[in-house]
Amino acid sequence: MSSEHVQLKAAERTQFGTTQAKRLRASGLVPGVLYKEGEASLAFVLPARDLDRALHGEHGKTAVFEITVEGHPTVPALLKDWDLAPVRGNVLHVDFQQVDLKQEIEANVPLVLTGLPVGVRDGGVLGQPVHDVTVRCLPDALPDSIEIDVAALEGGAVLHLSDVVAPAGVEIIGDPEMVVASITAASRAEVEGEGEGEAAEGAEPEIVG
């Protein structure tokens with residue numbers, strides 16, 4: 001297995017129920033479930049500190065995790081789902097899905113727009129109706145995100161899913177005509193009414209959607 005995999009050690013969970021879950025969290029543990037293809041799922045608990053460090057590490061939530069539940073073999077898995085506390089934001093429960101490193105998977109990854117578009121500097125507005133895309137690849141090739149440089153976009157420009165370049169070994173799944181970014185051009189009156197120095201170079205673009 002790759003040295004870039006994130007290691008997680010857990011203990012099998014044997015007691016269940018809301019009261020027990022609260023006790024686990026109060027003692028610094030997070031309950032979770034490891035789902036296995038064609039096999040029974042495995043409930044576990046692991047230290048909240050270890051989980052937080054893993055989810056906010058270099059490879060983020062798209063990393064391949066090597067999960068070792070005490071008494072069971074280590075398996076590769078991807079983060080499937082997680083529940084957060086509404087106020088504090090700490091993880092209340094986490095789900096992992098075991099994967100075969102030699103078999104392609106489909107997953108959603110964030111779509112990140114970079115650069116200050118020409119059209120925004122001219123007074124337009126950058127729209128991003130899509131914030132994540134579905135990709136197909138081997139687990140080890142799953143990217144943290146896919147970036148699109150929109151600096152050259154002028155007013156009225158539109159980018160479609162077909163314009164997005166995927167990393168090597170990654171296939172983007174979806175309607176190629178789906179709009180992922182656009183520049184709504186400023187009206188003539190808005191442009192003529194701008195004061196000197198507005199829309200300065202280096203300003204953060206306004207994003208809608």
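Q: In this predicted model, which strands and which helix each supply at least two residues of the lining of the second largest pocket?
A: The second largest pocket of this predicted model has a lining of 16 residues, among them Val30, Ala48, Asp52, Asn90 and Val91, which lie nearest its centre. The elements that each supply at least two residues of this lining are strand S2 (29–35), strand S5 and helix H2 (48–55).

Q: Which element provides the largest share of the lining of the second largest pocket?
A: Strand S2, helix H2 and strand S5 each bring at least two residues to the lining of this pocket, whose volume is about 260 Å³. The largest share amounts to four residues, and the element that provides them is H2.

Q: How do the residues lining the second largest pocket divide by class?
A: The classes refer to a lining of 16 residues. Taken by class, this lining divides into eight nonpolar, four polar and four charged residues.

Q: Which strand gives the most to the lining of the largest pocket?
A: The largest pocket, with about 520 Å³ of space, draws at least two lining residues from each of strand S5 (75–84), strand S6 (91–98) and strand S7 (105–114). The greatest contribution is six residues, and the strand that makes it is S7.

Q: How many charged residues are in the lining of the largest pocket?
A: The lining of the largest pocket comprises 23 residues, and those nearest the centre of the pocket are Leu78, Gln97, Val99, Ile105 and Glu106. By class, the lining holds nine nonpolar and five polar residues, and the number of charged residues is nine.

Note on methods. Residues are numbered from 1 along each chain as its sequence is written. This is a predicted model: local features need pLDDT of at least 70, side-chain atom pairs count only at pLDDT 80 or more; totals for chains, interfaces and linings use all residues. Side-chain values use heavy atoms; hydrogens and water are left out. On a 1 Å grid over the protein atoms alone, a cavity is a set of points where a 1.4 Å probe fits but cannot get out, and a pocket is an open set with protein on both sides within 12 Å along at least five of seven lines; lining residues have an atom within 4 Å of a point. Grid points are joined across faces, edges and corners, and a volume is the space filled by probe spheres set on the points. Ala, Val, Leu, Ile, Met, Phe, Trp, Tyr, Cys and Pro count as nonpolar, Asp, Glu, Lys and Arg as charged, and the others, Gly among them, as polar.
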